[in-house]
Each structure stands twice: as C-alpha cells, then as structure tokens.
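Hello,

Here is the structure for you to look through. My notes follow below it.

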Amino acid sequence: MTLVACVLAAGRGTRMRSDVPKVLQPLAHKPLLGHVLEIVEALGADDTVIVYGHGGDAVQSAFASTDLKWALQADQLGTGHALQQAMPQIADNTRVLVLCGDVPLLTQASLQRLLASTPDDAVGVLSVAMDDPTGYGRIIRDDHDSVIRIVEQKDGDANELAVREINSGVFVLPSTPLRRWLDALSPQNTQGEYYLTDVVGLAVAEGIAVHGVLADSFEETMGINDRVQLAAAERVYQTRVVEQLMRDGARVADPGRVDIRGDVRVGKDVFIDINAVFEGEVMLEDGVHIGPNCVIRNATLGAGTQVHANSLIDDATLGRACQIGPFARLRPGSQLADKAKVGNFVEIKKAQIGKGSKVNHLTYIGDATIGEDVNVGAGTITCNYDGANKHQTVIGDGAFIGSGVELVAPVEVGAGATIAAGSTITRGAADGSLTVARARQKTIEGWQRPVKNKK
Ligand code: UD1
Ligand code: CA
C-alpha cells in the first residue's frame, strides 16, 4: 500500500519565545524540520506532505528546492485540524505516517517496527515509557492491555496522569477511515483544540485495533517545545554522531566536548582533542590530528595532517602531512599541497601553498600562488587589495622570502629568487636573483637625543 508521510509543522511554537518558527530552530545547525525530512527520506515514503502555517513563507522557502507537497493550515486549531488540511492531497486506501516537525530524533528502527507491527487497515502509535511524562499525552490501555485512547496532560485526571507510557506524536493510520475520524473531532477539551490524539478513541469505537508500539528509547521521541528541550536534544544528537565517529575509527579525547554540525567522515586513527567544532562537510583522512579548540568547516584534511590548538579552517583543502597552527586561520579557497606548513598567527585566503612550503609566523597570504619548497619569512604580507580590486601574487618554486616583506600585488617572484628582509616588492624579482628593496642603513655619529625642557 502507498505510504504518505505527513509532517505537522504549522504550530506557533509559543514556548520557544522566538521570532523564528519552531520547526526552523536549529539542531546541530540544521532546522528541526530538516531532521524530520531526512528521516522521511531514509524511510522511503512515496510522498511527503508538510502542513505549514505559522511563519509559513520562511518555512516553505527554507525547503524550496526539495520535492515536497505543502498544505496550509491558516489557523492553528490543533494537531487533528492540521492533519485534516493535508487530507485533500492524500488518496483513499493509503497509509498515512504522521510525524511532528518538533520530534527530530526518531530512529529508522523504531519507525520500521511501527510500520511492520501495524496492519495496513489498523492504527499504530509510537509510544515510550518515561520516568517523567509531564507535558506529553498519556496512552490509556484497558485491562487487556489494548490502547483505548490518549489523554492530554491538560485534560487528564490524577489516575490518567500517573500513566508513564506517552504518545510520541507519531502515528500510522489508514486514510479512508481517517478522513471520517478527522471530520468527527470536536474541540471540547481544555485547550479548545481539535486533537489528533482523539482519533484513537474514534477508531476503537469503530472496532479498529490501535497498536501501541514502543520506541527503542525515550531520547528519540523527545518533542521540542522550548529551548531547554532544544539543548537537551542537541546533546542527544551530538552523543549519537560522536559515538558513530568513534566506531568509524576516531579517538576522541572527550565525547562530551566535540560538536558536529554537519557530516564528518574519518579514516583510521584520527585523533580529536577537546572543544573541536566541525561544520558542513568535513573529511579527516587516516591519522589526522585535531588539537584543542579548533573549528573545521567544509574541509578535507589529507592523511597525517596535524592541526594544532586554536586553529580555524574554513572551506579549505589540505594535502597529506601538513602542519597547521597553533592559532592559524585558513580562509575560503586555501589549498595546501602535501607537507605544507602554516604556523602561528598566519592567515591564508584564496591561495595555493605548494608542496613542502612553509609560512610559519605572523603572515598574511591572500590571492596568491606559492610554488614548492618556498620559505616565507615571519611577518610577510601580500598587499592584495588596492582599495578597489584584488590582485595576485605568484611565487616560484624554491624562492626565499625574508622576514617583514611586503609583496605589492600584482607581483611575481621567480623560482629560486631571494627577497631580502624588510623589502617592499612592487616590480617582481627574476628567477634566482637577490632583490633588496629597502632604504640603506646609515649611522649618524655624535647624534644627541632630545632632552626634556626644564619647568
Ligand atoms: C502533542 C500531542 C501529545 C504528544 C506530543 C509529543 C496532540 C493533541 N498532542 O502535544 O499527545 O505527547 O505531541 O511530542 O496531538 N501543530 C500544527 N498545527 C496545530 C498544532 C500543532 O501543525 O494547530 C504541529 C506543531 O507544529 C508540532 C506538532 O504539531 O510540530 C505538535 O504540536 P504541539 O503543540 O507541540 O503538541 P504537544 O503539546 O507537544
Ligand atoms: Ca510538541
């Protein structure tokens, strides 16, 4: 039978106290709704309908590129009313998997089990037992342990609220009777809303079985209503991805002090020290070493490369056995060949550093191509910007740039050329030459320092 996933994402998210719609709040730098859609994609639903409403334009444009159907819920009258808005886009004789835009950590295993344990014409609800079920809807079962209805926190009596099995908000339902049940909902409850959860009681009244299927863990069913729950979910997510990294072969100094906001792939024997933050797509090949307090974003690091403490690598490609930092900054477009070294307080931007070349201290290299085995001395600056345009600096293989040199681009330094310390180079230097471009030193004998006037 066709399976349509329907994601409820129209709620206001009042408890977030934010101008950003709840389903766009970030978990590991990705909107909550993005996590839910990833779950749906992995599950392979035939179609996906998103019910949107509050902050609608922002929600739609955040997922504009993907192949999704949208249903507008102009007024947020409850979860049952939300699902009803999607029904015109869902055919009869279809299974509808309902997910919430604020429940982002579900595992494939639990969802597959929910689908497998619920016959096509029955109702399934994913539940879980919680030590503290406060805030969630409670699953009420009869003496035979059959699910008979769901009671919301605000509507329950003491006996009902003592139940620890809760509704995760995830259901699978047959579309034909579902249409009828949704039409029959009434807002006669404490919140004056059309509750999707009341569908359970309506199904039972018609003699249709409701299967309560337990999720593997409470963590995966966490619903995010406020920022405290958002932070708790972030920890659950981080623990999951860091554990996967360790299984893939990384040694992590402290799994609680690494943050992964994107996709990190690792080779064997990678080491990650404390407070590393990874963003976007990151590849760490065999034996890469990441020192403490580093930020690595959209980068590939070749085997054996070492990044020392407090370095930032952003949109860069590094070869094998490079040495970076401490305190280095590689900005977008930095490309380092094998065995390149970029040391402390060095900034690199849109530049290629050739094999074995060294840029070790207090230097800015921007819009440049540096050949192999070049030595760039301390305090060297490529003057790449004239106030209007950027210009290129090219340095040939084996060149030696003395300390404190300014290379005023566009400028070219030939292979094997030597630039004397303190030079300001404006016209380039030929292959193999020595270029000195600084005032000659002079000494004034018998010169007197000024003395202070007497008061
Ligand atoms: C809901 C369930 C509760 C369950 C909990 C699990 C109901 C009545 N209650 O409570 O049993 O334990 O989820 O996390 O279903 N939404 C809309 N339109 C609306 C209202 C809500 O699209 O008019 C969406 C929200 O964006 C959210 C989801 O539905 O993604 C759940 O709504 P929320 O208000 O968070 O429900 P809970 O009080 O958490
Ligand atoms: Ca919720």
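**Helix crossing and aromatic rings**

The crossing of H6 and H7 is right-handed (the near helix is turned clockwise from the far one by less than a right angle). This is a predicted model, where local features need pLDDT of at least 70, side-chain atom pairs count only at pLDDT 80 or more, and totals for chains, interfaces and linings use all residues. Residues are numbered from 1 along each chain as its sequence is written, and side-chain values use heavy atoms, without hydrogens and water.

H6 spans residues 175-184 and H7 residues 198-205. Their axes come within 10 Å and cross at roughly 120° (lines fitted to C-alpha atoms over the stretch in contact, angles from 0 to 180 degrees between N-to-C directions). Leu178, Trp181, Leu182 and Ala184 in H6 meet Val199, Leu202 and Ala203 in H7 (heavy atoms within 4.5 Å).

The whole structure holds two aromatic pairs (ring centres within 6.5 Å; planes under 30 degrees apart are stacked, over 60 edge-to-face, the rest tilted). Tyr52 and Trp70 are edge-to-face, at 5.4 Å centre to centre and 90° between the planes. Tyr52 is in strand E4 and Trp70 in strand E5, so the pair ties together parts 18 residues apart in sequence. Both Tyr52 and Trp70 are buried (under 20% relative accessible area; exposed is over 50%, partly exposed in between, with a 1.4 Å probe and protein chains only).

Phe327 and Phe345 are stacked, 5.2 Å centre to centre with 15° between the planes. Phe327 is partly exposed, at 41% relative accessible area.

Best wishes

Key. Chains are lettered from A and ligands numbered from 1 in the order in which they are written. Helices (H or I, at least four residues) and strands (E, at least two) are DSSP runs, numbered from the N terminus. Rings of Phe, Tyr and Trp (its six-membered ring) pair if their centres lie within 6.5 Å; planes under 30 degrees apart count as stacked, over 60 as edge-to-face and the rest as tilted.
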